[in-house]
Amino acid sequence: MRHGMPRLIAGRTLSSLSAIFGASLISFIFLRLVPGNPARLFLGQFASQDAVDKLVEQMGLKDPIYVQYYKYMWGFLRGDWGFSYTTGQPVTTQLGHRLPATIELGLYAFLFAFVGAVALAVIATYRRRPVVDGSVRAMSFFGLGTPPFWFGLVLLVVFSERLHLFPGPDGRLSIDSTQPPSITGLYTVDALVTGNFATFADALWHIVLPAIALGLAPLAFLVRLLRANLLDVSREPFIVVVRSKGIGRFSAFARHALPNAFLPTLTAAGLILGQLLAGSVLVEKVFNWPGAGALVTDGILRQDYAVVQAFILLSAVVYVVVNLVVDILYGVIDPRVRVVTAVA
Amino acid sequence: MSEATFVDRSPERLRIGGRLAAAARYVVRDRELLIATILLGILVLLALFGPLVWTENPNGIDVGAALQSPSLAHPMGTDGNGRDIFARFNEGARISLAVGALVVLASALVGGTIGLVAGLWRGLTDSLLMRALDAILAFPPLILAMAVTVGLGVGLKTAALGTMLACVPYFARLLRSDVLRLRALPYVEAAVALGATRKRIVLRHIFPHTASTMLIQSAAVFGYAILTLAALGFVGLGAQIPTPEWGAMITDGLQYALTGQWWVALFPGLGLLAAVVAANIYADRARDILDPRGEFARV
């Protein structure tokens, strides 16, 4: 068979693999350009030249460049991502500690963006009142134009410092809250599972503002996409058919227009993930959120680039894989895609 | 969309002044476009003439006047070193608008060339170029800009270079598909049949028709570039303090925002917001006007 799912999956997987290979080359090249001697950074400025030379030898910095690339990638694949220059800890340990916080923040930001976007897009398109539609459009313009790090700060000033409704930028929990046992690493989930409702409320309280700051751009992006798709779909002939069968306006909208308008949103999932990954680097710094993004900004300030390098390559890999999964899912849901890609 | 169009059949259309007036009427009739024009106009005026009119030194330290709230003497207040934030804001507008425009020009040039070559030559060149672009697109855009800036050394120039590299694929891919679409159109076939040379077909019949794509994309990338540059400045990879770059100014304001001195970080953020919103509205309108699919394609 010249088309269909196996062909789609094979094609997309191949192009994803080549994209990851290219991305790893790019990151390897730029990260090898980093000024300064990693061995010197690792040992500190008081180490003797002999010790530095020895470490340079050990780290393989004198090998030919392709051997270095091979070792770097082989290490990355086996989970050996090097050591932090400042703390001496393995990068995997450091990132492992921090990732749950980032994942939790990202999940809540996505929840906010998704629920908010559906609500706003439905409000804007269902009644088609120009005033409502216009304000939703304006909001999406401002949402896309607002720098997330600055918006987080504005939220903090208004809701924490002035109105005292939410906690200030002091991480994931108040000092007097007991930390939940680490099951998933997501504080709200762990606290709920162990029945610790005080900690659950506290964790939720802390995540609201950063999640809104991080979710604003994806929200605006989704609103624009959904609104346009809803308008398009509700003009399609099949909606007229549905209505002429005697199905009410609301049912036609909720059961027929909305599900069809959702499909293109799925393709946008990869873009949203990119926004969340990059946004968390920016937002975590504002809220002192102990996540991977804050680790990266700290690493930049202290010139501890081992962490930054690992994060960059990791985000590229995650980004490509998510896009691949979305492409394949899309083929499963929408049979037209399979045929079209096979022809193209 | 309103009923307004650029088609103005009155004789004054022939004069340049008449055309300007027609364009101005068009802008005024469209509320969103009016807002965008006013926002961008203010920023451009401040960037061009601000430093001439408001002669306070943007880097002049005056510890005695540190952290003053906005007043007549300092319309946007002063920062932790007593520097006048209004003067720094104007300087920041210069940096953001100028560097943003440069990034757009450079990435349009590089990305456009890649797209044109890939679309015209097809075959192996095309697939190699597209693979390279895929590798760039494998990164979330800000993360790629970070990687480049870390590798080439921290600073405004390298940050601009990183942002440019992240923008190139957006031009290249669009232009490539534009070229592929155009070369299959009947009028190109007609030109071939009439014996037009390859050079003439490319320069006369294909390249000019990619202008609208480039214009739409340039407006969108402009806002994106300004935001990315500021984000890099914010995490410490772009312009370094005391350079009055908006992103770096926001970082500087972080420490004061929660102790009551909100103005240090507020104004540079407003500047960013205004610039990016204006660029996005322009991109949107350009798409409305130039995209033949019209209102259905409006996102």
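Trainee: Hi! Reading along the sequence, what pattern does chain B follow?
Mentor: Hello! In this predicted model, chain B reads α-α-α-α-α-α-α-α-α-α-α along its sequence. The secondary structure of chain B comes to 11 helices and zero strands.

Trainee: What percentage of residues count as buried in chain A, and what in chain B?
Mentor: In chain A, 41% of the 344 residues count as buried. For chain B the figure is 46% of 299 residues.

Trainee: And the contacts along the sequence, how many join residues at least 24 apart?
Mentor: Taking contacts between residues at least 6 apart in sequence, 71% of those in chain A join residues at least 24 apart. With that cut-off of 6, chain B comes to 65%.

Trainee: Switching topic: how many residues does each chain give to the contact between A and B?
Mentor: Chain A gives 48 residues and chain B gives 41. On the chain A side, the elements giving two or more residues include helix H1 (5-32), helix H9 (197-234) and helix H14 (305-333).

Trainee: Which element gives the largest share of that side?
Mentor: That is H1(A), with 11 residues.

Trainee: How do the residues of that side divide into nonpolar, polar and charged?
Mentor: The side of chain A that touches chain B has 34 nonpolar, 10 polar and four charged residues.

Trainee: Which domains does the assignment give for chain A?
Mentor: Domain 1 of chain A is made of two segments, 1-86 + 303-344, while domain 2 covers 96-301. The contact between these domains takes 14 residues from domain 1 and 13 residues from domain 2. On the domain 1 side, the classes are 10 nonpolar, two polar and two charged residues.

Trainee: What distance separates the domain centres?
Mentor: The centres of domain 1 and domain 2 of chain A, taken over C-alpha atoms, are 28 Å apart.

Trainee: Let's look at a helix pair. At what angle do H5(A) and H14(A) pack?
Mentor: Helix H5 (residues 91-126) of chain A packs against H14(A) at about 65°, and their axes are 10 Å apart. H5(A) and H14(A) are therefore roughly perpendicular to each other.

Trainee: Is that crossing left-handed or right-handed?
Mentor: H5(A) passes H14(A) in a right-handed crossing. From H5(A), the contact is made by Val91(A), Gln94(A) and Leu95(A), and from H14(A) by Ala306(A), Val307(A) and Ala310(A). By class, that contact has five nonpolar residues, one polar and no charged ones.

Trainee: Last topic, Gly60(A). Where is it placed?
Mentor: Gly60(A) is in the loop between helix H3 (49-58) and helix H4 (65-77) of chain A. Leaving out residues up to four places away in sequence, Gly60(A) touches Gln68(A) and Lys71(A).

Trainee: Why does Gly60(A) count as partly exposed?
Mentor: Gly60(A) has 13 other C-beta atoms within 10 Å. Partly exposed falls between the cut-offs, because 12 or fewer would be exposed and 20 or more would be buried.

Trainee: And what separates the C-alpha atoms of Gly60(A) and Arg127(A)?
Mentor: They are separated by 66 Å, with the residues 67 apart along the chain.

Technical notes: Residues are numbered from 1 along each chain as its sequence is written. Chains are lettered from A and ligands numbered from 1 in the order in which they are written. This is a predicted model: local features need pLDDT of at least 70, side-chain atom pairs count only at pLDDT 80 or more; totals for chains, interfaces and linings use all residues. Helices (H or I, at least four residues) and strands (E, at least two) are DSSP runs, numbered from the N terminus. Two residues are in contact if their C-beta atoms, placed from the backbone, lie within 7 Å. Domain bounds come from an automatic or database domain assignment. Ala, Val, Leu, Ile, Met, Phe, Trp, Tyr, Cys and Pro count as nonpolar, Asp, Glu, Lys and Arg as charged, and the others, Gly among them, as polar. Axes are lines fitted to C-alpha atoms, for helices over the stretch in contact, and angles run from 0 to 180 degrees between N-to-C directions. Angles under 35 degrees count as roughly parallel, over 145 as roughly antiparallel, 65 to 115 as roughly perpendicular and the rest as oblique. A crossing is left-handed if the near helix is turned anticlockwise from the far one by less than a right angle, and right-handed if clockwise.
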